[in-house]
Each structure stands twice: as structure tokens, then as C-alpha cells.
Amino acid sequence: MTTTTATTSTPGRAGRSGVGGAISAAAPPARPSGAGISGRTFTIVTWIVLVVFAVIWLIPSLFALKTSLSENGVAALGANEILSHWYPTLHSYSTLFGAGDIWNWYLASAITGIITTLLTVVFASMAAFALSRMRFRGRTTVMLMILLGIMIPSQVLIVPIFEMLGAANLLNTYWAVIFPQVPAVISVFIFKQFFDGIPRELEEAARIDGAGLWKIYWSVIMPLSRPVIAAVAILTFVGVWNNLLLPLFVLTNPNLMTIPVGLATVQGSFGQRFADIQAGAILAALPLVLLYLVFQRQIVEGVAGTGLKG
Amino acid sequence: MTSATTTPNVPSAPNSPAAASAAAPARRAGRGGRPSDRGTGPGAWLFLAPFGLFYLAFLLGPTIWMFVASFFNTSLVHRGLGSFAGLDNYVEMFSRADFWSSLWHTLQFTLYTVPPLVILAFVFAVLTNRLQRGQWFFRLAFFLPFILPSATISLIWVFIFTPATGLFASVQSLLGFTPGSGILADPKSAMVGVAIATVWWTIGFNFILYLAGLQDIPRELYEAAAVDGASTWQQIRHVTIPLLRRTTTLVILLQIIASLKIFDQVYLMTNGGPGISTQVSLGLITGTAFTDNRIGAASAASVLLFIIIVAIAVIREIVERVAARRDQEA
């Protein structure tokens, strides 16, 4: 087709927002008869397919929510019973909150999540600032190391990381969960990508005013970078909150366990309390769902960034 | 690099490659001879140091340690590396049936998850992108599971897969099938169960990557195609699919890498069982290290998995560069 050859030479974004919109409003696309599915039919099919799949995708979460709002006795009888009982109860949630463990887990997840996020955002943005705004000997080497770091699958390093934390006497501390997650190389890339787009003139103006490197980083670059800081911070926090592998092996003290580890280790002791188990699952996810609802844009853009530049 | 144009939050998105635009001001500054620019050498290292220390301590260091330990009889019980083992750990891994079966299960999981995770994500994204309104709802439906903890998705799906009384069994009997002993209890289907949960859980990531890719396709192309008389389906075939080829390649390679690292769902949903029918590589590694206390042998297995994943990551990097160069030439 002619279209495929035309595509490669088209300049990306410039035309899309302005010209594209105007054209489509002015001239509705001509549809010759007999050219396969017509636009309108396609739109209807689109809606049907999407709605069907969206419902399928929502069912597991909604079913878990419904189960968590049932009595344990009802939940034990199975899906049919759960769905046919209409009266919700918060019994499972009050049981879990009353038992106390969950508070420790929340605390562990929050502390490790927040400290890791802070360290990652500050250190990664500093490194990215150096790589984006400064020329120095060894810059190419550092860039290569960063690239190498992106390729290293950190999950596979669980054994040596465990050994090193043991040698440093850090096992069963929050630091054992925090430190290994700080060098998320992808965040340096995301920051650098963003910094590269900030015009040099801004920083030169500050330099003429006598600002040092630290001042430029902290008072010029970082305030301009709020969207990307938010994206990296949220993705880091979500990643730490959801991590199972690392805390599972470096935390054995039940008082220090993060939520996923806590849930994984007590799963057996829930026994037949199916509603409680599902309430636990919901509680583990709740803070992240709230974060998503508040920061949808940053999360989505952050994910798009990790995929395309990672 | 398309990356410069795909990031919506870059204030001035230059069409020229990032390297060129960054180099130009530097040269300007150099010619002007600003003293502050000349003095950034040591300053740069100060900015790199904090991240660099963590990088060395928790990424590069462990990698090197893993390679070294794989040649020793390192154990959890004794401090230090232990006696030199030469290639024994590798020979042992290669001759162990469960090492090969864990690799096979990892591959099996990859084969089960990659096609639906790529194809469905593409379909969802193309369809969602066509909508004028209501996009937020589908983004919520398809993407939200992705940020849930693996512990949550595992608890949900184990409950759904409960034999006889679970939601899955109910749906099966509704459709006229006889629910068997439960999808996770049967060695033949347990991995399928894990794969279903994973596809549900992680499709949002690819969905978002495709949506981002779609947003970069200029509308005029579709309009031109429509003027030429192309139907909607033909537009997708001849405009969307070819233009998303790069996204697709990246999604596939990223997905393979992610699937090779599978651990959480298996650990939580089946713990490798029934038998060892869902034992995957990372499960074997952690089992060898933390249950058998054999760090050296586990390191050898880690090195082998590491090599496979890095090989794919290198392929991905090469693909990215070739594609970027082609974009630049065009």
C-alpha cells in the first residue's frame, strides 16, 4: 500500500494536534461502498469487544471484594453462595485490623517504600543531572555502566544480595529491603531523558547570577521536573510495596515483614477463613489503588517511559 | 530516538536526536570559555557518587560475587566462599533433571503468556484508542491489575480456582463443562492457571506501551488512507500494524525477559507443585540456596539464567539501536 511508504517520512508530533484535528473536522473520511467493514460498524464492534473484555477483567477484583464483604461461613460454601448473598459485612476487615499483624506490615511497607523512594529519586536524579548537564572524563564509561545495569536482572541476584546483606549484618532490618532497591538504573534513564529536554538557557541565566552546580540542580532543574519526579517516585513506591522476592528472604522476623510477605507466610494459618484471606488481599492492594486513582497520569506516563527507554 | 518524541512531558521535544541537541549547547559554552563549565569534572563525580555506590554495592558487586561463588562450594552455614569447586557446580546443574525441568517450565510459562500478552494488549489498545470518550474506564479496567501486589493477585486467583466451589468451577459448570479436580491441582494444567492469572495481572503494562505508541501515529495517515478508500480494517493492517512494529518488537522482548524472571505467582499459587510441575528457574535457585543451603550451586544456576536473560536484553538493545538508526535515516 502507498500508506506504508508515506509513513516513515512523516515528522512525528508537530502536525498531530493542530492540523490533524482541523482536517478531520472539516472533511469526514470518504467511505466507498464495499470496502470491508465500515467505520460505524467497526465502532459498534469496538464497543462490544471492549466492554466484554473489560467486564472479564473487572470480575476477579470485584469477586474478591464481594468475598471479603461476606461472612467466612458463606465464603466457604463457594462462589454461588457468595454471589447470592447480598448483605455486606465488614467483619473480615475488623478482624484483620484487630489482630495487629496487619498494622506492622503496613508500617514496614510504608517505611521501606518511602525511604527507598526518597533515596532513589534524589540519587538517580543527581546522577542523571551529571550525565545530562556536565561534560567530564569517563562520561562514556558511566553511560555504558548504566546501560549494563539496565540489562542486569536484579531478581537473579537474590542469592549474592542475601549473602552480602548477611555479611554486613543487615538481614532482618528495613535496610535489607531498602538498599538493594535503590539502584534502579531505569530511573536514571527516565530522569536523564527529561533533563535533556530542559533548555540550557535557563541554567546559564542562573550561572550568570553566580549559582553553583548544586544550586542549579536543586533550584533550577528539580523544580522544573515535578512531573517526572512524581512518575519515578510513584513507580518506585509501587515497586517496593509489591516486591515479594527480596523481603521474603531477607526478613524472617514477623514484626518486620512487609505486606506481601506477611500475607504469604500466614496464608496457611487463615485456614477456612476465605473472607478474611480476600480481605487481606484487598488491604494489601488498597493504598496502591488509592495512589492510582490520584496519580493516574503520572503512573501511566511513567510506565510508558520505562518500557520505551528501558 | 523515538523516545524523545514519545515522552509527552519533555517541554521542548526536539525532532533531532537527543545527543545532537545536547552537544550543541556544550560546544557553544566551550567556545565561550565559561569557567564554570571547565570546572565540572570533579563536580560531576560528586553527583554520580551516591547512586554509584549503591550501583556498585547492590548491582555490579553481587553480579561479580555470583560469578565467583559459582566456582566454589559456598554454603549458607559457613562464612566465606568455601572450597574451590571448579566447574563442578555447572556440571551438577547440567546433569540435574530438575534443573532442566525448571528451565523447561520457565520456557513453558513464557510460551503461554507472551502471545496473549502481546496480541490482546495490541487489540485492547487499538480499540481503546479509537474511542472518543470513555477511554479512562478501559484504562482502569485493563491497567489497574498491573499495580496490584503479586500476593493479592495470587490470593484472588487461588480462590477463583478453588476446586468444585470456586468461581472458575461455577463458570465451567454454567458452560456445561464438568469442573475437574481444579486447574492448579492437576500437573498438566497448573501452569495454565498461573499463566491465566499472569495475563490478567500484567496485560496493563503492554496495553500502556501500545497506547503510547499509537498516540505517535499522525492522524493524517489514517485520513490519507481513508481518502484512498481503505476500510477501517485495512487502515489497521496497513498503517497501524507496520507503524507499531517497533513497539511490538520491544514489547515481545520485554515480555520474554519478564516471563523468564517469573517467581512470585508460582511461589504463591502452587509453590512449584503439584510435584515439581510448576517449579521455575528462580524457584529452583532460591530452593537450592535457602533450603539446601548450597549457595555455590545456586549461584551456578543463577549465572546460567542470568546469561539467558542478558542475551535477550542485548538483542533488545541491538534491535532498539537498529530501529533508531533506521528512523533517523528516514
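How many residue pairs are in polar contact between chain A and chain B? The count is seven residue pairs, both residues of each at pLDDT 80 or more. The model is a predicted one.

## Interface of chain A and chain B

Chain A gives 131 residues to the contact, and chain B gives 128 residues. About 11600 Å² is buried between chain A and chain B, and carbon and sulfur atoms give 75% of this area.

On the side of chain A that touches chain B, the residues divide by class into 87 nonpolar, 32 polar and 12 charged.

## Domains of chain A

Chain A is divided into two parts: domain 1 spans 44-89 and domain 2 spans 101-305. Taken over C-alpha atoms, the centres of domain 1 of chain A and domain 2 of chain A are separated by 33 Å. Nine residues of domain 1 of chain A and eight residues of domain 2 of chain A take part in the contact.

The size of an interface is often given as the accessible area lost when the parts come together. Between domain 1 of chain A and domain 2 of chain A the buried area is about 630 Å², with 68% from carbon and sulfur atoms. Within domain 1 of chain A, the residues that lose the most area to domain 2 of chain A are A:Ala64, A:Ser68 and A:Asn72, which together account for 60% of what that side buries.

## Polar contacts and elements at the domain interface

Between domain 1 of chain A and domain 2 of chain A there are zero salt bridges, while two residue pairs are in polar contact, both at pLDDT 80 or more. On the side of domain 1 of chain A that touches domain 2 of chain A, the elements giving two or more residues are α3 (39-68) and α4 (72-77) of chain A. The largest share of that side, four residues, comes from α3(A).

## Annotated spans

UniProt, in an unreviewed entry, places "domain: ABC transmembrane type-1" at residues 106-295 of chain A. Over these residues chain A is 75% helix and 0% strand, and the end C-alpha atoms are 20 Å apart.

For chain B, the UniProt feature "domain: ABC transmembrane type-1", also from an unreviewed entry, is at residues 103-316. That span of chain B is 74% helix and 0% strand, and its end C-alpha atoms lie 21 Å apart.

Technical notes
Residues are numbered from 1 along each chain as its sequence is written. Chains are lettered from A and ligands numbered from 1 in the order in which they are written. This is a predicted model: local features need pLDDT of at least 70, side-chain atom pairs count only at pLDDT 80 or more; totals for chains, interfaces and linings use all residues. Side-chain values use heavy atoms; hydrogens and water are left out. UniProt positions are given in the numbering used here, feature names are shortened, and annotations may be inferred rather than shown by experiment. Domain bounds come from an automatic or database domain assignment. Contact means heavy atoms within 4.5 Å. Buried area is the accessible area (1.4 Å probe) that two parts lose on being put together, summed over both. A salt bridge is a side-chain nitrogen of Lys or Arg within 4 Å of a carboxyl oxygen of Asp or Glu. A polar contact is a pair of N or O atoms within 3.5 Å; within protein, one must be able to donate a hydrogen and the other to accept it, and residues adjacent in sequence count only if both atoms are side-chain atoms. Ala, Val, Leu, Ile, Met, Phe, Trp, Tyr, Cys and Pro count as nonpolar, Asp, Glu, Lys and Arg as charged, and the others, Gly among them, as polar.
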